[in-house]
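Student: I have the coordinates loaded. Can we go through the backbone, the helix packing and the pocket?

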Amino acid sequence: MASNGLRALVGTKPTKIGTFLFEFATPGIGQILKAAGADFAVLDMEHTGFGFDTVRQVVRYMQAANLPIVVRVPSQSRHHISRALDTGADGVMVPIVSSVEQAKAVLDAAKYWPDGTRGVALGLAHERFAMRSEPLLPRFAEQNARTAIILQVEDPRGAAAADEIASMPGVDMLWLGHNDLSVAMGEPGAFDHPDFLTAEQATIAAAKKHGKSAGRLAVDAKQAAQFVKLGYDFVSIAGDVWLLQQAFAAGVETIRSSSS
């Protein structure tokens, strides 16, 4: 899958499988994930110490591997969104988007004129440093077309507004922030609570209704497969830290049980 093709997969039927990067921002990570069959990766700035220097490096690693990379920015701040995209990321994931107004602000920061007011600095990483002489407008359109906008539904207000948010041109995916949603509902970790299930189903339905995608992080591959059956078409198999821990722990258990 071409690194500029992430947005073309939005709303398509095939399941897109990836993982989150919370720790391993290493030169080989893109090649490793690509060889394993990943369709995308999400570099997390919200819950890590990663700064933009790290983001710049990881985007280059992913481009070398031809693997689409999404940056989960730490806030809805305009400078977080636009800077992540200026590094060349294929998209941004934005936390706790709970209203149409917030979604509009994200789109305004992420899209060039006439779809938004993103600051203009072309010929840099998001254009692969190419020396180009075309007029601005087609270059704006090119970037607007390749930039995927993923909004996280993480509270009841976001779930209630999911249909209206998903209907907005430029919004490509609703990503359920399951832990934060359960906490915001006053039922931490109660993912089988009727209120949680209603919000989840509303989020998935909104995405499907408007031809957008729905995404969620799973604890492992088995759970990810269950999420696909619920209607998610983008799933993350845990994150880098837990994948290593799970694989190593399974190996340790195999060796110890066979030698006991």
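Tutor: First, a convention. The model is predicted.

Student: In which loop does proline 114 lie?
Tutor: Start with the peptide bond. Tryptophan 113 and proline 114 are joined in cis, with omega at about 10°. Proline 114 sits in the loop between α4 and α5 (136–146).

Student: What phi does isoleucine 96 have?
Tutor: Isoleucine 96 belongs to the loop between β4 (91–94) and α4. It is not a glycine, yet its phi is positive, at about 50°.

Student: Are α1 and α2 parallel or oblique to each other?
Tutor: Helix α1 (residues 29–36) and helix α2 (residues 52–65) have axes 7 Å apart, at an angle of about 40°. Angles under 35 degrees would count as roughly parallel, and 65 to 115 as roughly perpendicular. The α1 and α2 pair is therefore oblique.

Student: Which residues of α2 make the contact with α1?
Tutor: The crossing of the two, α1 and α2, is right-handed. From α1, the contact uses Ile29, Gly30, Gln31, Leu33 and Lys34; from α2, it uses Tyr61, Met62, Ala64 and Ala65.

Student: How many residues of each class does the contact of α1 with α2 have?
Tutor: Gly counts as polar in this scheme. The contact of α1 with α2 then has six nonpolar, two polar and one charged.

Student: What is the handedness of the crossing of α3 and α4?
Tutor: Helix α3 (residues 78–86) and helix α4 (residues 100–110) have axes that come within 8 Å and cross at roughly 40°. The α3 and α4 helices are therefore oblique to each other. Their crossing, α3 with α4, is right-handed.

Student: Which class supplies five residues to the contact of α3 with α4?
Tutor: On the α3 side are Arg78, Ile81, Ser82 and Leu85; on the α4 side are Val106, Asp108, Ala109 and Ala110. By class, one residue of this α3–α4 contact is polar, two are charged and five are nonpolar.

Student: Which residues are closest to the centre of the largest pocket?
Tutor: The largest pocket holds about 300 Å³ of space. Its lining has 17 residues, and the closest to the centre are Phe22, Arg72, His178, Asn179 and Leu217.

Student: Which element gives the most to the lining of the largest pocket?
Tutor: By class, this lining has nine nonpolar, five polar and three charged residues. At least two come from each of β6 (173–176), α8 (178–184) and β7 (213–218). With three residues, the element that gives the most is α8.

Definitions and conventions. Residues numbered from 1 in each chain as written. Predicted model: local features only at pLDDT ≥ 70, side-chain atom pairs only at ≥ 80, totals over all residues. Heavy atoms only, no water. 1 Å grid on protein atoms, 1.4 Å probe; cavity = no way out; pocket = protein on both sides within 12 Å on 5 of 7 lines; lining within 4 Å. Points joined across faces, edges and corners; volume = space filled by probe spheres on them. Helix = DSSP H or I, 4+ residues; strand = E, 2+ residues; numbered from the N terminus. Axes fitted to C-alpha atoms, helices over the stretch in contact; angles between N-to-C directions. Parallel < 35°, antiparallel > 145°, perpendicular 65-115°, else oblique. Left-handed = near helix turned anticlockwise from the far one by under 90°. Contact = heavy atoms within 4.5 Å.
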